[in-house]
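Please keep the sequence and the model in view while reading.

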Amino acid sequence: MSETVTDKGTTGVPIELENVTKRYSASSTGLAAVDDLTMSIPAGKIVVLLGPSGCGKTTTMRLINRLIEPTSGRIMIGDTDARAQEPNELRRGIGYVIQQAGLFPHMTVGTNISQVPQMLGWDKQRITTRVDELLDLVGLDSGQFRDRYPRQLSGGQQQRVGVARALAADPSVLLMDEPFGALDPITRERLQDELLRLQEELGKTIVFVTHDIDEALRIGDQIAILDKGSRIAQYASPAEILANPASEYVEQFIGSGSAMRLLNFAKVADVELGQVAEVAPGDEVTRVRETIAGADTAYALVVDAGRRPTGWVTSETIDGRDGTAGELSAPIETTIPARATLQEAMEGLLHAEYDVVPVTKANGEYLGVVSLGTIQQELSDLKERQKARRQERVSAGGDSA
Amino acid sequence: MRIRKLLPLVALTLVPVLAGCGLKPASAFIPAVSAGSIKPVPALKGVTIRVTSKDFTEQLILGKMTVQALKVMGANVQDRTNVQGSTAARNSMLHGQNDVQWEYTGTGWITYLGHDKPVPDPQKQYQVVRDEDLKKNGIVWLKPSTFNNTYAIAVTQKTEKKYGLKNLSDIAKVPTAQRTFCVETEFASRPDGMPGMLKAYGLNVPQSQWKRMGTGVVYDTTAKGGCTFGEVFDTDGRIKALNLTTLKDDKKFFPIYNPSVTFRKQVYDKAPQAFDAAFAKIANALNTNIMRELNAKVDVEGQDPAIVAKDWMMKEGFVK
Amino acid sequence: MSVSAAEARTATETPPSLARRSWKSVITPVVLVLIVVALLAYVKSQKLDSIEKANLGLGYILEKTWQHIELTVAGTILVLIIALPLGVILTRKGARYASPVVLMLANIGQSAPAVGIIVLFAVAWQIGFWTAVLALTVYGVLPSLRNTMVGLQQVDPALIDAGRGIGMSAGGVLAKVEIPLAVPVILGGVRTTLVLMVGNAAIATFINGGGLGDIVVAGINNQRPLVLIVGSGMIAVLALLIDWVGGLLTQLFSPRGL
């Protein structure tokens with residue numbers, strides 16, 4: 001499988017489903033569990049398959065690692081046809097996490113995790129090192145947990161081990177079937193956060209099945225809302241789905257409160273960010289004055305060579321002073337991460353020292369600024385779009401769900 | 001799990017019952033018979049008489065004959081034949097649980113009355129048993145039949161020719177290592193059985209060559225060559241059917257076993273002459289050959305003892 | 001990001017170690033040995049007639065007891081050879097149709113009178129130890145077979161799915177997941193088989209198979225209650241002893257963590 005390296009340094013590969021069908025009855029006109037599904041799962045992303053029970057989402061996921069064989073169609077994992085490989089070998093290269101973890105109760109945590117590496121013939125030392133590494137990765141102290149048995153672990157701990165086991169042989173694809181469904185809401189949220197953190201570090205291609213809209217919105221890079229026969233009702237980013245639901249079915253699925261949800265789940269990175277004047281830390285004060293005067297605002301952001309924001313300079317702070325921008329700038333007290341929700345952005349804005357706040361990526365890189373105005377604009381856009389959509393539907397005489 | 005633990009004990013209790021069944025039919029059904037030369041006796045009308053017997057074929061046939069004869073004589077008969085072990089039936093009579101049984105004179109003398117030495121003359125043997133058992137235990141012995149159902153040692157005709165065997169003394173001609181015996185467990189333990197016989201004839205047979213098994217299995221195994229010698233009964237029908245021959249008891253070790261009807265005195269006294277007459281008819285009509293034939297009908301042809309008894313008694317005209 | 005203290009506190013306790021059970025488990029065999037000693041001492045103290053002497057010599061009793069154990073162990077091993085693979089086969093997807101038929105045969109084996117079966121075998125084949133073992137096997141195969149099947153069927157299907165999903169072959173799942181998890185139930189069935197065998201091995205006496213049945217039947221046929229008591233008493237003690245051994249084996253071979 002070829003690897004695609006994104007800016008996160010991912011190890012994931014893309015997955016292509018082409019006209020995939022799974023039919024259980026003998027006749028070709030019977031109901032299909034998966035009906036002619038074509039879908040592209042980009043490398044290094046978390047794609048959520050979301051739908052009610054019986055819609056075929058779990059079946060679709062299990063077609064990828066051939067726990068279920070497709071009736072027709074093609075599934076490409078990376079640049080290899082899934083059917084070209086021996087099924088057991090294929091599955092050893094794909095991580096698999098199920099609800100309630102499925103840990104083997106008669107094996108210790110360490111032994112559970114080392115199952116796939118053992119099958120692949122790794123030597124003992126390499127396996128031991130890897131087990132410790134993985135326990136650390138999922139937030140469990142290896143000394144304490146390696147020799148425990150699953151029944152001595154809480155549900156949340158068990159699922160962490162389940163994820164560790166799935167990652168043991170460093171697969172490029174991870175399949176997760178409602179992995180947090182059996183956990184209490186607090187543990188569930190904690191583990192969702194852990195998954196996002198892991199993903200930032202590892203960049204796997206993750207196919208995540210759930211029936212919980214909030215979970216999908218929280219962790220999905222892309223969400224495929226599925227109907228019976230695994231038919232795609234909408235396949236888009238969470239923000240897009242919230243902002244522009246494609247049909248009444250999707251709307252019903254999201255439920256009421258979509259506007260507030262949007263604030264909760266739309267990411268700052270998804271809205272149009274404002275820009276402010278920029279100066280480099282080494283710029284002389286005269287240059288700074290020029291830049292400020294040239295911009296509409298009374299301030300400028302000091303951004304260093306690594307595109308990191310280091311401070312604010314205002315006309316006040318440089319008035320009558322000498323030096324570089326870096327020396328004269330006031331430190332930034334608040335930044336908002338790109339993956340923060342609009343809700344969190346609003347919180348940040350309310351507590352910030354100025355009415356704009358810089359937005360940074362995980363590695364600190366500056367993207368733009370957000371202000372209450374940005375958010376206001378976003379909300380009014382949303383209103384407009386909803387109005388337009390409703391009118392469209394009425395004129396089309398109602399649409400199919 | 002507790003029930004499982006009791007199972008071996010339950011199985012043990014069932015062993016005697018089931019072993020008694022073995023390969024023999026154990027029906028307690030009484031076929032319909034009516035008077036022939038054995039006639040109804042008014043004194044016995046409504047009298048309950050319980051007939052018992054040991055568990056081997058000859059005893060079953062004799063027991064069924066008794067049941068049917070008593071029925072024809074008008075008594076209220078209970079068929080409680082087919083009891084495991086040679087002394088259980090006798091004990092049930094002594095304890096008043098049963099009333100009549102065919103027994104063998106030698107068994108009575110040695111096993112029940114506790115004498116060590118049998119009486120060689122059949123008539124005398126009967127008389128001493130009759131007198132002593134009546135005095136000591138209140139058991140009446142009727143006139144016996146003449147056939148002798150004693151223990152015998154059987155060999156295949158091949159073995160007979162190979163070693164030139166005619167008498168039990170000839171066993172000495174067989175090398176010790178070839179002296180394998182198929183025996184019943186009882187015969188192996190009884191003083192008038194294997195231990196006594198070997199002593200009387202001065203024969204050395206190591207314990208490892210005593211093969212204990214159920215009665216029916218002895219005949220089959222001896223015939224197939226599983227052991228050189230088999231402990232059999234002289235009137236058993238399978239001897240002829242399996243082409244076995246018996247060796248002569250030249251030292252006259254084994255006691256005489258003439259069969260005789262034994263009654264508890266209280267029951268006998270209800271119609272003594274009638275009993276004497278009826279059972280004398282039967283005893284006189286039986287001999288070794290006839291008994292072997294009747295036994296063979298059950299053991300070899302697989303007929304039911306009750307039917308065999310009835311057919312024979314009808315042929316003799318005792319019943320219709 | 002290590003686990004929070006709260007999560008650590010919710011982890012459950014380690015299961016009790018085997019050591020804690022040891023003093024209790026030794027009591028059974030000790031008591032049984034004492035019973036045997038008492039029984040034999042009583043026999044020695046009695047005046048025995050020739051028949052009793054023939055059947056109650058210490059060497060004779062020990063010889064018969066050893067034969068009885070041999071019958072039981074040989075029969076059980078044969079049962080395992082048949083029941084375990086058969087139980088695995090009958091729980092695989094393809095063979096579901098065959099299982100009612102096979103179970104019916106095993107049922108017949110157990111419910112048909114064992115004495116009849118053993119004599120039939122002796123007449124059809126030959127007398128002796130191995131014929132008796134064969135008859136015992138036919139009798140005792142049902143609990144082991146049934147428990148093997150039940151043990152495998154009660155394995156959580158989610159675990160089998162997890163095994164296949166991470167890339168184990170069907171054989172791999174069977175060996176690494178299904179069988180280890182089925183072992184406690186299977187051993188329970190083996191334990192039952194062992195106890196049934198001990199009780200039933202008494203019937204070997206009818207075809208020269210040896211064992212304590214020789215003493216029991218001698219006691220019955222010759223109306224010697226003491227002989228009968230010693231014979232059946234030894235069988236009962238053996239049954240309890242073997243049951244204890246079965247319990248020990250179950251503890252030893254059940255995987256930890258269950």
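## A network in chain A

Which residues are linked in a network of salt bridges? In this model, which is predicted, A:Arg160, A:Glu194, A:Arg197 and A:Glu201 are joined in such a network. Side chains of opposite charge can pair when their charged atoms come close.

## Where chain C meets chain B

The contact between these two chains draws on 36 residues from chain C and 32 residues from chain B. Together the two chains bury about 2900 Å², with 68% of that area on carbon and sulfur atoms. Of the area that chain C buries against chain B, 18% is supplied by C:Ile127, C:Phe206 and C:Asn221, more than by any other three residues.

How many salt bridges does the rule find across the interface of chain C and chain B? The rule finds zero there, while seven residue pairs, both residues at pLDDT 80 or more, are in polar contact between chain C and chain B. Several helices of chain C each give at least two residues to the side that touches chain B, namely helix 3 (50-56), helix 6 (114-124), helix 9 (170-200), helix 10 (213-221) and helix 11 (225-253). Sorted by class, that side of chain C has 22 nonpolar, 10 polar and four charged residues.

## Where chain C meets chain A

On its contact with chain A, chain C places 30 residues against 34 residues of chain A. The area that chain C and chain A bury between them is about 2800 Å², of which 57% lies on carbon and sulfur atoms. One salt bridge is counted between chain C and chain A: the side chains of A:Arg62 and C:Asp161 meet at 3.0 Å, N to O.

Five residue pairs, both residues at pLDDT 80 or more, are in polar contact between chain C and chain A. The elements of chain C that give two or more residues to the side touching chain A are helix 1 (5-9), helix 8 (157-165) and helix 9, and helix 8 gives the most, with seven residues. By class, this side of chain C divides into 15 nonpolar, nine polar and six charged residues.

## Salt bridges within chain B

B:Arg50 and B:Asp99 form a salt bridge in which the closest N and O atoms are 3.1 Å apart. This pair links distant parts of the chain, since B:Arg50 belongs to strand 1 (residues 48-54) and B:Asp99 to the loop between helix 3 (88-94) and strand 3 (100-104) of chain B, 49 residues apart. Both B:Arg50 and B:Asp99 are buried.

A second pair in chain B consists of B:Asp79 and B:Lys64, whose side chains meet in a salt bridge at 2.9 Å, N to O. Because B:Asp79 lies in strand 2 (residues 76-83) and B:Lys64 in helix 2 (residues 57-72) of chain B, the pair ties together parts that are 15 residues apart in sequence. B:Asp79 is buried, with a relative accessible area of 15%, and B:Lys64 is buried too, at 3%.

## A further pair in chain A

Is A:Asp283 buried or exposed? A:Asp283 counts as buried, because its relative accessibility is 17% and the cut-off for buried is under 20%. The side chain of A:Asp283 meets that of A:Arg287 in a salt bridge at 3.9 Å, N to O, and A:Arg287 is partly exposed, with a relative accessible area of 47%.

How values were computed. Residues are numbered from 1 along each chain as its sequence is written. Chains are lettered from A and ligands numbered from 1 in the order in which they are written. This is a predicted model: local features need pLDDT of at least 70, side-chain atom pairs count only at pLDDT 80 or more; totals for chains, interfaces and linings use all residues. Side-chain values use heavy atoms; hydrogens and water are left out. Contact means heavy atoms within 4.5 Å. Buried area is the accessible area (1.4 Å probe) that two parts lose on being put together, summed over both. A salt bridge is a side-chain nitrogen of Lys or Arg within 4 Å of a carboxyl oxygen of Asp or Glu. A polar contact is a pair of N or O atoms within 3.5 Å; within protein, one must be able to donate a hydrogen and the other to accept it, and residues adjacent in sequence count only if both atoms are side-chain atoms. Helices (H or I, at least four residues) and strands (E, at least two) are DSSP runs, numbered from the N terminus. Ala, Val, Leu, Ile, Met, Phe, Trp, Tyr, Cys and Pro count as nonpolar, Asp, Glu, Lys and Arg as charged, and the others, Gly among them, as polar. Buried means under 20% relative accessible area, exposed over 50%, partly exposed in between (1.4 Å probe, protein chains only).
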